[in-house]
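Q: Got a structure to go through with you. Can we start with a loop and then do the aromatics?

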Amino acid sequence: MSEEISPTGNHIGPGSSPELRASHADRDRVVDVLRIAAGDGLLTADELDERLEVALSARTLGELATLTTDLPPTVATVGGTGAEAKDVVRIEQVFSGAVERVGRWVVPRRLELVVTFCEVTLDFTEAVITHDTLRIDVAMTGKTLTLITKPGVVIDMDGLQLVHSRVKYRQARANPDTPVVLRVELVGQKAHGRVVVRPARRTFGQWLLRKPA
């Protein structure tokens, strides 16, 4: 009998009970896995929407496990205690949909960004940071590269060559004593379009209460 990956990254086999009730944390972990899988191109937007709907209404671990059985084990364990960062991740797209890394995605040591006329968004506000430095090798033409930061995330663009591009840089507000948890080093070339560095936007409720994002 084949085993299934549980929401916690373990296997559901003959000795396990897939009928055990799922907790909010179990559902959240599977949602993280599905979003990361979609970001890696393993799921289409429609597949992601369908699986998220099932995950959020799942009552048992068995129902959750079926949502990740066709995903690679390295993806299916992300979000649990076994999340590991890859050394190198390469993203290569030409004239296609937007590239997004949002939510609890795992930050690699190095990211190779080879993109032509595609929007790119890297959101570090909830990212899983396992190393203190991320090097992004940029070979990007057109559109906008957006980096969403939080206190403790520093963007270094000294090694990035801009060709007919402009930069909009607005760092997240932070206490001077806030330690640096991640240094993002941009190297390579950005031709045409923009590079935008900004903190997360406040929700309407946070804006009304004058709270930070």
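Q: Where does Gly152 lie?

A: Gly152 lies in the loop between strand E8 (144-149) and strand E9 (153-163). Helices (H or I, at least four residues) and strands (E, at least two) are DSSP runs, numbered from the N terminus. This is a predicted model, where local features need pLDDT of at least 70 and side-chain atom pairs count only at pLDDT 80 or more, while totals for chains, interfaces and linings use all residues. Residues are numbered from 1 along each chain as its sequence is written, and side-chain values use heavy atoms, with hydrogens and water left out.

Q: Is Gly152 buried or exposed?

A: Gly152 is buried, because its relative accessibility is 10% (buried is under 20% relative accessible area, exposed over 50%, partly exposed in between; 1.4 Å probe, protein chains only).

Q: What is Gly152 in contact with, leaving aside neighbours within four places in sequence?

A: Thr178, Pro179, Val180, Val181 and Leu182, where contact means heavy atoms within 4.5 Å. Pro179 is 27 residues from Gly152 in sequence, and their C-alpha atoms are 5.7 Å apart.

Q: Now the aromatics. How many aromatic pairs does the structure hold?

A: Two. Rings of Phe, Tyr and Trp (its six-membered ring) pair if their centres lie within 6.5 Å; planes under 30 degrees apart count as stacked, over 60 as edge-to-face and the rest as tilted. Phe95 and Phe117 are stacked, at 5.4 Å centre to centre with 10° between the planes.

Q: Is Phe95 buried or exposed?

A: Phe95 is exposed at 62% relative accessibility, and Phe117 is partly exposed at 37%.

Q: And which residues form the tilted pair?

A: Trp105 and Phe124, 5.5 Å centre to centre and 45° between the planes. Both Trp105 and Phe124 are buried.
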